[in-house]
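Here is a brief report for a first look at this structure. Keep the 3D view open while reading.

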Amino acid sequence: MNDEISMYEILQIFLSKWKFLLILALCCILIAVVRHKRFPTYPAQGKLLIKTSENSQLRSFLDTIVGSQQNINPAERAIILLETNDFFLELADHFKTNKQEDSEISNYINSFKDNNQGLASNLRSKLKFRLNKGGQIFFNVNSNRRILSTTIVNQGLIVAKNYLTVREMKEYNEAELYFQSEIDHTLNNLNDLKHSSIQKMQQRNVISLNEEKGEGTKYLSGLKKQINDSQIKISENNSTIKKLKKKERTDSKNQSKFGVKARIMQLNDENSALRIKISTSKRYLKKISNQKLELVPFEQEMEKIKANYHFEFKIYEGLRDKLAKIGLQKTYIQNKIDILEFERLDRVRSRPGILLLILIAIMISQVVGFTLIYLIELFKPIKTQSQV
């Protein structure tokens, strides 16, 4: 007996079952049509743009001023924030607080009654986020109603833009309040130091610290210079007297002795006058120096106040610079997020299409049919000649 089966015989077996294959194909087509009409899937998509230095001139300009560097992609960070329960709760609250004109949306919301968490969970199962190049975030929704998919996408874009902006603005607002409070504190310190210096100067009847300090130091320096010049002049006169006395001994026969003696007497008289002037100057210097010593603690205290004022002023300038940078960052945050594209109702179609769904149904039916025929023929008992 020949156990081999030719391809022709196999083909004859399958062709003999064409009615079964046809019925199976028609059943699958019917299921596909029912599924398309009664249980459709309407995918909708919207686009949100997170601006960076690569796609925003404002961000690029601020980077040159502020010099901020971001270690994480802003779009990735935005998706992390959007995939939280807080965002979907806010989206659910937005659906309930805003009046919905369409009855389908109203019925959908009313089905959850006062269960905001249930509505948020349902929205989370429908709304998905996908990161794309250039800082784009795709909002994808699949539901069995066209208007529901469109509404979830569009409302999700609006709430997401507001949610992300408020979330980041909150951080900068807290920083701005901190720096503003520090600036106010520093200004109070500056005013206190200013009033303190004015009060101390008024107590000593000083119009200007620099004027008082300058006049006293100038007068003391003049007295010291006079004393020093007088001492130098006395030394020069003594040297001249010694030379004249030597000349007087060597020229003892010279009849002009009267002239040398007169010169010596004149120099001695000048030295006496200079010594008196030095003594008087030293007495004035000692007296005025004792009076100026009383001003030293005051001057030191004023210098200390002045140094503290300069230090506080540098802190004040630094805080103002930081506050200005925060203001620039807030300007960027307010314009950081942009809705690139809303979904349009007329563009939403059931997917997959009816023709594609029928084609898939036919392919599945034939695969299942050929598999069943093969299994039936494989396990079908073989008839022997005696049975025949």
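## Helices α6 and α8

This model is predicted. Start with helix α6, residues 103-110, which packs against α8 at an angle of about 75°. Their axes lie 9 Å apart. That angle makes α6 roughly perpendicular to α8, because values from 65 to 115 degrees count as such.

Three residues of α6 take part: Glu 104, Ile 105 and Tyr 108. They meet Ile 147, Leu 148 and Thr 151 in α8. By type, the contact of α6 with α8 has 4 nonpolar residues, 1 polar and 1 charged.

## Helices α5 and α7

Next come α5 and α7, where α7 spans residues 116-126. The two pack at an angle of about 110°, with axes 8 Å apart. They are therefore roughly perpendicular to each other.

On the α5 side, the contact is made by Asn 85, Phe 88, Leu 89, Leu 91, Ala 92, Asp 93, Phe 95 and Lys 96. On the α7 side, Asn 116, Gln 117, Leu 119, Ala 120, Leu 123 and Arg 124 contribute. The residues of this contact divide into 8 nonpolar, 3 polar and 3 charged.

## The buried side of α4

Which residues of helix α4 are buried? Within residues 74-82, they are Pro 74, Ala 75, Ala 78, Ile 79, Leu 81 and Leu 82. They cover an arc of only 160° around the axis, so they sit on the same side of α4. An α-helix has 3.6 residues a turn, so residues three or four places apart point the same way.

What covers the buried residues of α4? The cover includes the strands β1 (42-50), β2 (127-132) and β3 (136-143). It also includes the helices α5 (85-97) and α8 (146-203).

## Aromatic rings

The structure holds 8 aromatic pairs. In one of them, the ring centres of Phe 87 and Phe 88 are 5.2 Å apart and the planes stand at 70°, so the pair is edge-to-face. Both Phe 87 and Phe 88 are buried.

Phe 87 and Phe 88 also belong to a cluster. Phe 88 has been named already, among the α5 residues that touch α7.

## The whole chain

Now step back. The protein chain has 12 helices and 4 strands. Of its 388 residues, 32% are buried.

Contacts also reach along the sequence. Among those between residues at least 6 apart in sequence, 81% join residues at least 24 apart.

Note on methods
Residues are numbered from 1 along each chain as its sequence is written. This is a predicted model: local features need pLDDT of at least 70, side-chain atom pairs count only at pLDDT 80 or more; totals for chains, interfaces and linings use all residues. Side-chain values use heavy atoms; hydrogens and water are left out. Buried means under 20% relative accessible area, exposed over 50%, partly exposed in between (1.4 Å probe, protein chains only). The arc is that of the directions from the helix axis to the C-beta atoms. Contact means heavy atoms within 4.5 Å. Axes are lines fitted to C-alpha atoms, for helices over the stretch in contact, and angles run from 0 to 180 degrees between N-to-C directions. Angles under 35 degrees count as roughly parallel, over 145 as roughly antiparallel, 65 to 115 as roughly perpendicular and the rest as oblique. Ala, Val, Leu, Ile, Met, Phe, Trp, Tyr, Cys and Pro count as nonpolar, Asp, Glu, Lys and Arg as charged, and the others, Gly among them, as polar. Rings of Phe, Tyr and Trp (its six-membered ring) pair if their centres lie within 6.5 Å; planes under 30 degrees apart count as stacked, over 60 as edge-to-face and the rest as tilted.
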